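Keep the 3D view open as you read.

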Amino acid sequence: MPTLPHTARLSQPDQYRRVFDSPEYKVSSGAFLLLATPGATLSSRLGIVVAKKNIRLAVRRNRIKRLVREHFRRHPFDKAIDLVVLARSGADQLDNPGLWQELDKLWRALGQKVNS
């Protein structure tokens, strides 16, 4: 299975801060909050925040991160954006198809905002 390249990830604190300080787009649901800003590079980049406070078990946090990365890889945006996905408490209660559907809805909503 192909992996998400390092260039497609937010990896430095200042990259996350840029998105948190001035998100141009916000989309949320019961399980996730998506914050995005126009990209600083030529391609879209992803950052994931799954707080231990919200999801206690590491196995569940890692499953959510895996699914979010895979969804980002399979569904690229037309424009370059820096995106941070925050998992809310209760996200770990959804099964994999449920998480995928939730991400699909949010991705479509964010795509409409970015492309409009």
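Start with two helices, α2 (residues 58-74) and α3 (residues 96-115), whose axes come within 10 Å and cross at roughly 45 degrees. That angle makes α2 oblique to α3. The crossing of α2 and α3 is right-handed. Bear in mind that this is a predicted model.

Which residues make the contact? From α2 come R63, I64, L67, V68, E70, H71, F72 and R74. From α3 come N96, L99, W100, L103, D104 and W107. By class, the residues of this contact divide into eight nonpolar, two polar and four charged. Two packed helices are described by the angle between their axes and the distance between the axes.

Now turn to the strands. Four of them form an open sheet in the order β1-β2-β4-β3, and the pairing is mixed. At the edges are β1 (25-28) and β3 (45-49), each pairing on one side only. On average, neighbouring strands of this sheet are turned by 15 degrees against each other, direction ignored. Strands of a sheet pair through backbone hydrogen bonds, either parallel or antiparallel.

Look next at one pair within the sheet. Strand β2 (residues 32-38) and strand β4 (residues 81-87) run antiparallel, and seven bridges join them. To find your place in this pairing, pick out P38, which stands opposite I81 in β4.

How do the helices sit on the sheet? Helix α2 lies across β2, β3 and β4, and runs at about 165 degrees to β3. Helix α3 lies across β1, β2 and β4, and runs at about 155 degrees to β1. Both lists include β2 and β4, the strands joined by those seven bridges.

Step back to the whole chain. The protein chain has three helices and four strands. Read from the N terminus, its elements run α-β-β-β-α-β-α. The radius of gyration of the chain is 13 Å, close to the 13 Å that the globule rule gives for 116 residues, so the chain is as compact as a globular protein of that length. Taken along the principal axes, the C-alpha atoms fill a box of roughly 35 × 30 × 25 Å.

Conventions:
Residues are numbered from 1 along each chain as its sequence is written. This is a predicted model: local features need pLDDT of at least 70, side-chain atom pairs count only at pLDDT 80 or more; totals for chains, interfaces and linings use all residues. Side-chain values use heavy atoms; hydrogens and water are left out. Axes are lines fitted to C-alpha atoms, for helices over the stretch in contact, and angles run from 0 to 180 degrees between N-to-C directions. Angles under 35 degrees count as roughly parallel, over 145 as roughly antiparallel, 65 to 115 as roughly perpendicular and the rest as oblique. A crossing is left-handed if the near helix is turned anticlockwise from the far one by less than a right angle, and right-handed if clockwise. Contact means heavy atoms within 4.5 Å. Ala, Val, Leu, Ile, Met, Phe, Trp, Tyr, Cys and Pro count as nonpolar, Asp, Glu, Lys and Arg as charged, and the others, Gly among them, as polar. Two strands pair if DSSP finds at least two bridges between them. The radius of gyration is taken over C-alpha atoms; the globule rule is 2.2 Å times the number of residues to the power 0.38.
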